[in-house]
Amino acid sequence: MTTSPNKGIAAFLSDCLRWSLTGGPAFRIYLVTLFVVMGVGGVAYFHQFREGLIVTGMSNIVSWGLYISNFTFFVGVAAAAVMLILPAYVYKDKDFHGIVIIGEGVAVGALVMCLMFITVDMGGPLKVWHLIPGIGLFNWPSSILAWDVLVLNGYLALNTLVPLYILWCNYHNREPVGWKYRPFIFLSIFWAVSIHMVTAFLYQGLPARPFWNNPLLGPRFLASAFAAGPAVIMMVLIAIKENTAYQVDGKIFLKLKRIIVVAAVINLIMLFSEVFKEFYTFTHHSLSAQYLFFGLEGHNSLVPWIWTAIFLNILGTLMFAFDPSKGKSSYLVVAATCLFSGIWIEKGFGLIIPGFVPSPMGEVVDYFPSLTEIFITLGILATGALVGTILIRPALQILLRYKDFMARDV
Amino acid sequence: MDNRNKEEGQIKKDDPIKRKSTRRSFMKGLSLAAAAGSAGLVTGGCGDSATAEEMGLKWEEYFKTNYRLMTQEEKDETVARLEKLAKLRYDLDVKVSTQEPLERVLYGYAFNISRCKGYMDCVEACVKENNLDRKSKTQYIRLFEMEPGQLDPTSGEGKYFHEVPVDNKFYMGVQCFHCENAPCIKACPTKATWQEPDGIVVVDYDWCIGCRYCLAACPYWGRRFNWGEPEVPREEITKKQHYLGNRMRMKGVMEKCTFCIQRTRDGKLPACAEACPTGSRVFGNLLDPDSEIRFVLENKKVFRFKEELGTDPKFWYFMD
């Protein structure tokens, strides 16, 4: 199976493809499931493409829904790769070095989802070329959405090209040359913060929506991202540890846990601060929060969700903070799932929908995503999982082989 | 009028010319490379039996530029295509104007809250004049029934279904306020919405990508999105149209009140002001010292909605 030392691009690609798609029966079932869900999502999107966004649950009052909610959340997951890169490169942490590539794979998967969520949310997806500077008209720097297009695509490029270069070198049994990629690593650290701040500014910069027009939004986005993102990465690491030959050191889980706890506690403090501001002196601008937490004028579709989210958030944080199992995989999976789901609800539709309710003219309506919308969303989630999987699996193979090669050499 | 933010939504003067040549050659290359079959992709979604001619026209329409970058020649070409498409689609002879703003004109609007009785004639006239989607019952104007002691339409009743006038109630009309410092213009990622020199905030429907960021940014709920394909019965279509006004919209784009640009640039009143039976609606040129709108602003107690947001609307409320 080993290829010759002079391996070209074709060999690299075919090896990567082979490593990413071959696996045991469980893996095959996983792949088939993803493809089925993607297929259903594709059919649902075809329907939406023909009929228009009228097939969603959105309206002129709640004009962004499940798509933009998920977009917002997964920007956070993408940004969280920095929580591995930062210790690995700035603090030269050896343990993290081996898993940075996994964080970057998760980030690329999350970014692909973000871009897909934006695309399916557009009324005219074929007119997307209007956004391309040069042939379109780009409202930069005025529009924050234009900024977001730039930072998301830039981050995608950074997180694709840097790992690609490192893997390419390792594939050819070479050590990557530091000056060729390190500057981009440090750039990506700032860039990760920027993608999440800019996405927060998208909402934060709208005085029309008092629920979003809040200076805490950006920092809170970061804190929740640095809790939820590493939680996702932890689940991926556990899956890798249980199912592959790749060694994931137990120390990594302890360190990740520490990162998650700090971020999650900061997130909860900021959440509490927001809740205090909204309800201690109840103003006209607190109506959205009232709708979210307690319901307004008989509309309370979000109430059970947000309390579930807060419960899961607190439970997940406590589980990570006080871990009696001392890093047992099954325990960590439960804790990560709690925190991840809690933040997904709270920072997804718990953030987006109340921004629209009540409307600027004071109307209160409930939003329920349609089946089409749910299928498209699931399809995109499956696509993101697939992208992450087919990137991470060959990456691990290459790293393993390189490690073997180095061991043999010495 | 305060023009400090005018340049926000406007393209620099030298810009269009510089872009044009490169755009042109790019477009040419694209259309040459384009297989006729892929026209179906662009026109797809509308599903019905489109003829080859219709597909061809839509294909050419797909590659046209933003209205503000078009030369008069390009404007004439797209208008010819749009008129032809209306002929093919509805068998109607529509006239799409690209009339420029009038010199030394800045439009403003005032609404007399002590006169309006809530008859809704303005809403009806607006729906007809602007070819608003009948299926989703799109309306640009909303009337709020107010209790005494209120001056904020958000606390009024926006859906009243009873006979008017009602004792001890008054009414406030809300529509796009054509803000001088419009948050929607700032938000648009593709410059598909901007303020014309006569103060009207318009949308280039063909350039809008349908992201709905402008809708989220508007504090007055002044914008409407076409969630599905808009429908207007053939015999009810207003044939005198403007490119930036009441021409037929398509699904997936934003639209809004344009002060009836197709009428007002001809020196007429907007349909709402003309239809109002109580004379509550005052429309005119803010730069003309003898206009009625200037009289209202100078002699009545006027106020604006959500003034604290600094959007500087060109729509005032006043009392007799």
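This is a predicted model: local features need pLDDT of at least 70, side-chain atom pairs count only at pLDDT 80 or more; totals for chains, interfaces and linings use all residues.
The interface between the two chains was examined first by area and composition. Chain A and chain B together bury about 4,300 Å², of which 59% lies on carbon and sulfur atoms. Three residues, Asn60(A), Leu137(A) and Met361(A), account for 20% of the area that chain A buries against chain B, more than any other three residues. The contact draws 46 residues from chain A and 56 residues from chain B. Polar interactions were also found across this boundary: 27 residue pairs are in polar contact, both partners being at pLDDT 80 or more. On the side of chain A that touches chain B, the elements giving two or more residues are α2 (25-51), α7 and α8 (178-204). The residues on that side of chain A comprise 25 nonpolar, 15 polar and six charged ones. Two salt bridges are counted between chain A and chain B. Asp121(A) forms a salt bridge with Arg212(B), in which the closest N and O atoms are 2.7 Å apart.

Within chain A, helix α7 spans residues 144-171 and includes Asn170(A). Asn170(A) is classed as buried because its relative accessibility is 5%, below the 20% limit for that class. When neighbours within four places in sequence are set aside, the contacts of Asn170(A) are Pro176(A), Ile398(A), Leu399(A) and Tyr402(A). A further relation across the sequence is seen with Phe405(A): the C-alpha atoms of Asn170(A) and Phe405(A) are 9.7 Å apart, although 235 residues separate the two in sequence. The loop between α6 (100-121) and α7 of chain A holds Pro141(A). The peptide bond that joins Trp140(A) to Pro141(A) is cis, with omega about 10 degrees.

In chain B, strand β3 (residues 142-146) is mostly covered, five of its five residues being buried. Burial extends to both faces of β3(B): Arg142(B), Phe144(B) and Met146(B) are buried on one side, and Leu143(B) and Glu145(B) on the other. Strand β3(B) runs antiparallel to strand β4 (residues 170-174) of chain B, and five bridges join the two. The loop between β3 and β4 of chain B contains Pro165(B). A cis peptide bond leads from Val164(B) to Pro165(B), its omega being near -5 degrees.

Most residues other than glycine have a negative phi, and most peptide bonds are trans. Against this background, Arg104(B) has a positive phi, near 50 degrees, without being a glycine. Arg104(B) is located in the loop between β1 (95-97) and β2 (107-112) of chain B. With a relative accessible area of 62%, Arg104(B) is exposed, the threshold for that class being over 50%. Asn131(B), likewise not a glycine, has a positive phi of about 55 degrees. The position of Asn131(B) is in the loop between α5 (121-129) and β3 of chain B. Whereas Arg104(B) is exposed, Asn131(B) is buried, because its relative accessible area is 3% and burial requires a value under 20%.

Key. Residues are numbered from 1 along each chain as its sequence is written. Chains are lettered from A and ligands numbered from 1 in the order in which they are written. Side-chain values use heavy atoms; hydrogens and water are left out. Helices (H or I, at least four residues) and strands (E, at least two) are DSSP runs, numbered from the N terminus. Buried means under 20% relative accessible area, exposed over 50%, partly exposed in between (1.4 Å probe, protein chains only). Contact means heavy atoms within 4.5 Å. Buried area is the accessible area (1.4 Å probe) that two parts lose on being put together, summed over both. A salt bridge is a side-chain nitrogen of Lys or Arg within 4 Å of a carboxyl oxygen of Asp or Glu. A polar contact is a pair of N or O atoms within 3.5 Å; within protein, one must be able to donate a hydrogen and the other to accept it, and residues adjacent in sequence count only if both atoms are side-chain atoms. Ala, Val, Leu, Ile, Met, Phe, Trp, Tyr, Cys and Pro count as nonpolar, Asp, Glu, Lys and Arg as charged, and the others, Gly among them, as polar. Two strands pair if DSSP finds at least two bridges between them.
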